[in-house]
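Please look over the sequence and structure first.

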Amino acid sequence: MSDRPTPDPAHQADYDAGIRNRRRILGDAWVDRAQANVHAYNAEFQHLISRYAWNEIWGRSALGDKTRRFMVLSMMLGTHAYEEFAMHVRAALDGPDNSRLTPDEIKEVILQAAIYCGVPVANHAFGLFTAILREKNLLPPAATSVPAPAPASAPTSA
């Protein structure tokens, strides 16, 4: 088996359409990195998700990319897939105008997740989201920590 197997020729059109959708949603840089990491052991999986997730699902027109972005962010939180959540937050903030999500819209997804997925999930998601906003210069750097006040001394009795 070669280091970088190619898609089955019978599925090439579906694979190519999936890669186009994947690039549209995640951006060229992400897809280029993912494709650079394809090897003999994960190639079939990469081809599978390109054909099915990125072509068969993301290629459907009924919901549109923006609605699918909301759904994916929600589902990633519901399944505690935080790395995927962060990847899709970055992609949503950088996406094309017609499917880009604003920080306020992403905040609303996380607030909804607090109720349906739990406060710890939302707390973790806000931490990831905050780091991404800072990384993209959409939030100022974290304030320097201020030392906690010294505990008050115990009252003395007279």
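The notes below are grouped by topic.

The model is predicted: local features need pLDDT of at least 70, side-chain atom pairs count only at pLDDT 80 or more, and totals for chains, interfaces and linings use all residues. Residues are numbered from 1 along each chain as its sequence is written, and side-chain values use heavy atoms, with hydrogens and water left out.

**Helix packing**
- The axes of helix H1 (residues 12-26) and helix H2 (residues 28-36) come within 7 Å and cross at roughly 130°.
- Residues of H1 in contact (heavy atoms within 4.5 Å) with H2 include Tyr15, Ile19 and Leu26, and their H2 counterparts include Trp30 and Val31.

**Burial**
- Asn21, found in helix H1, is buried at a relative accessible area of 10% (buried is under 20%, exposed over 50%, partly exposed in between, with a 1.4 Å probe and protein chains only).
- Not counting residues up to four places away in sequence, Asn21 touches Trp54, Asn55, Trp58 and Gly59.

**Salt bridges**
- The count comes to nine salt bridges (a side-chain nitrogen of Lys or Arg within 4 Å of a carboxyl oxygen of Asp or Glu).
- Glu105 pairs with Lys66, with the closest N and O atoms 3.2 Å apart.
- Glu105 lies in helix H6 (residues 103-116) and Lys66 in helix H4 (residues 64-78), so this pair ties together parts 39 residues apart in sequence.
- Asp97 forms a salt bridge with Arg100 at 2.7 Å; Asp97 is exposed at 66% relative accessibility, and Arg100 is partly exposed at 34%.
- Arg23, Asp28 and Asp32 are linked in a network of salt bridges.

Terms used:
Axes are lines fitted to C-alpha atoms, for helices over the stretch in contact, and angles run from 0 to 180 degrees between N-to-C directions. Helices (H or I, at least four residues) and strands (E, at least two) are DSSP runs, numbered from the N terminus.
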